[in-house]
Amino acid sequence: MMTMKLLLVAVELACLVSGIFSFGSQTLSQLSFLENGVVSTRPSSTQPQPLMVDLTLIQEAHSKGAVCLDGTLPGYHLDRGFGSGADSWLVHLEGGGWCDTIRNCVYRKNTRRGSSKFMENQIPFTGILSNKPEENPDFFNWNRVKLRYCDGASFSGDAEDESAQLQFRGQRIWLAAMEELMSKGMQKANQALLSGCSAGGLASIIHCDEFRSLFPESSKVKCLSDAGFFLDAIDVSGGRTLRNLFGGVVQLQDVQKNLPKSCLNQLDPTSCFFPQNLIDHIETPLFLLNTAYDVWQVQASLAPPSADRLGSWNECKSNHANCSSSQIQFLQDFRNQMLSDITDFSRSSQTGLFINSCFAHCQSERQETWFADDSPLIEDKPIAVAVGDWYFDREVVKAIDCAYPCDNSCHNLVFNFK
């Protein structure tokens, strides 16, 4: 029997899996995480308090047209490195879905995913952003940055809609942020890692080679995509929900001009927004961290309400333990597609993989899944160690888990739909 491990309710993931992705009038509702029949909504008093890091707005961004959906300044959180990590930089791109229609983007611009007016003044730095060696053994003393996400197109659009007063300036935000960070010392980096979660994980793939070009050849520069490997998959009704969404994003925000030309020479722009088609065009060393049964994709791409109008997948989506044998087989086929799509990628000596058979999403940001006493493991190695081994060339890391339900180290997510 698989064990269910405690995960706290996190606003970050709730936004990733909830109303940021809409299905007409229906949205995925707030989630809760369960262990031993207990719902927990706040950290235990025995847990160490995470470092809280202030928001910095990019004051020069407005003159560059690098603004959020509503025209406000973009922002980031920076905690300075120290000691041996003083000249090493980790830039983490925030996730939070996409907006593919004017209506969705107008809604989004009145949230923290579309306006810095609604962003928190401070956020906790945990997981890969932690400043504690016992929580983040390889990157704790680096300069660590979280770039906030407020454009709705994985930092890759460049357009506007004057009538709706919407600015689609993700690419400009990316460029303005990199310029600002370079001026704050990143130009001296001898080591750098671009990472991101979910929509930010997709962005870390899109911008990986751009990030590499910022630094001299002598600098070690790599990229990490966490929960960013979104598949162009067929949903439970035989349609392609995520392809339709991505097509809307690419067209609305004019993403095409910021995608790799080598991909566009072979495929249409929407296809080139999917990581399975992007990864072969990335030259910089890239690590893919993903669950084989990513809960966001299960809920929003494979079995969204629009494709499951009778709700036959509702129980399965809320808790994988409730899935029927045919539903599990559908999810196994999804895993098989993922593994097939990374076959060529995995053959390169410079790439890294950690594909575990869990029902989760975004494992690098959460302390429980990144590095803790009971973190998810593949061959006795937690995610933080696998990423560190790969980044520092200590080992070749091609970790692919056995199929569900073999892994009892997972922190599986259980949802409470209301």
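Residues are numbered from 1 along each chain as its sequence is written. Because the model is predicted, local features need pLDDT of at least 70 and side-chain atom pairs count only at pLDDT 80 or more, while totals for chains, interfaces and linings use all residues; side-chain values use heavy atoms, with hydrogens and water left out.

Confidence comes first. The mean pLDDT (the predictor's confidence in each residue, from 0 to 100) is 90, and 88% of the residues reach 70 or more. Over residues 1-45, though, pLDDT stays under 50. Where pLDDT is low, the predicted coordinates should not be read in detail.

The protein has 14 helices and 18 strands, taken as DSSP runs (helices H or I, at least four residues; strands E, at least two) and numbered from the N terminus. Of its 418 residues, 62% are buried, meaning under 20% relative accessible area with a 1.4 Å probe, protein chains only.

As for the backbone, Ala-227 has a positive phi of about 55° without being a glycine, and Ala-227 is buried at 2% relative accessible area. Cys-362 likewise shows a positive phi, about 60°, in the loop between strand 15 (352-356) and helix 13 (367-370). Finally, a cis peptide bond links Tyr-404 to Pro-405, with omega about 15°.

Technical notes:
Buried means under 20% relative accessible area, exposed over 50%, partly exposed in between (1.4 Å probe, protein chains only). Contact means heavy atoms within 4.5 Å.
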